[in-house]
Amino acid sequence: MKAILSVAMVLGLCGAAGARDEKANPVGTWQCEYEIGGMKRTSTLTIKKDGDKLTGTMDWADQKGEKLKDVKLKDGVLTFSAVRKFMDNEIALDYKLTIEKEKFKGKAAAEIGGEKQEFDIEGKREKKDK
């Protein structure tokens with residue numbers, strides 16, 4: 001009985017370790033949702049792998065193909081920066097997104113008028129056509 005229990009525990013621990021080792025995959029197109037000033041907004045995030053480097057773009061309703069800077073993935077957390085052009089202003093945004101399978105949750109931050117402002121952002125990966 002002890003042997004069966006020991007084997008079950010070892011298999012259980014190996015399974016848990018395997019789940020932790022499963023790397024988050026940021027590659028794909030993500031539909032993003034967030035709220036600023038009480039208004040719901042959307043954007044599209046596209047992440048690609050170029051060799052061993054991550055690259056990407058961000059699209060908003062009035063701005064397409066903004067290249068991302070410093071795209072990095074570490075421990076399931078995707079970080080990058082993008083510049084939002086809005087009414088003759090350029091706003092640098094820093095993103096920190098925790099990826100879990102086909103979804104992410106995180107924050108975006110910008111300095112506006114000398115004050116740091118953050119907002120929550122969530123996203124879902126678009127499903128590929130089969």
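Contact here means heavy atoms within 4.5 Å. The structure is a predicted model. On this criterion, Thr 44 touches Thr 29, Trp 30, Gln 31, Thr 57, Met 58 and Asp 59, with residues up to four places away in sequence left out of the count. Thr 44 belongs to strand 2, which spans residues 39-50. One of the residues it touches, Gln 31, also takes part in a polar contact with Thr 44, formed between the two side chains at 3.3 Å.

Ile 36 is located in strand 1, which covers residues 28-36. Its contacts, apart from neighbours within four places in sequence, are with Arg 41 and Phe 119. Between Ile 36 and Asp 120 the separation is 84 residues in sequence, while their C-alpha atoms are 9.0 Å apart in space.

For the protein chain as a whole, the secondary structure consists of one helix and nine strands. Their order along the sequence is α-β-β-β-β-β-β-β-β-β. The chain has 130 residues, of which 31% count as buried. Among contacts in the protein chain with a separation of 6 or more, 27% are accounted for by residues 24 or more positions apart. The accessible surface of the chain amounts to about 9900 Å², and carbon and sulfur atoms contribute 53% of that surface.

Definitions and conventions:
Residues are numbered from 1 along each chain as its sequence is written. This is a predicted model: local features need pLDDT of at least 70, side-chain atom pairs count only at pLDDT 80 or more; totals for chains, interfaces and linings use all residues. Side-chain values use heavy atoms; hydrogens and water are left out. Helices (H or I, at least four residues) and strands (E, at least two) are DSSP runs, numbered from the N terminus. A polar contact is a pair of N or O atoms within 3.5 Å; within protein, one must be able to donate a hydrogen and the other to accept it, and residues adjacent in sequence count only if both atoms are side-chain atoms. Buried means under 20% relative accessible area, exposed over 50%, partly exposed in between (1.4 Å probe, protein chains only). Accessible areas come from the Shrake-Rupley method with a 1.4 Å probe; for residues, only the protein chains shown count as cover.
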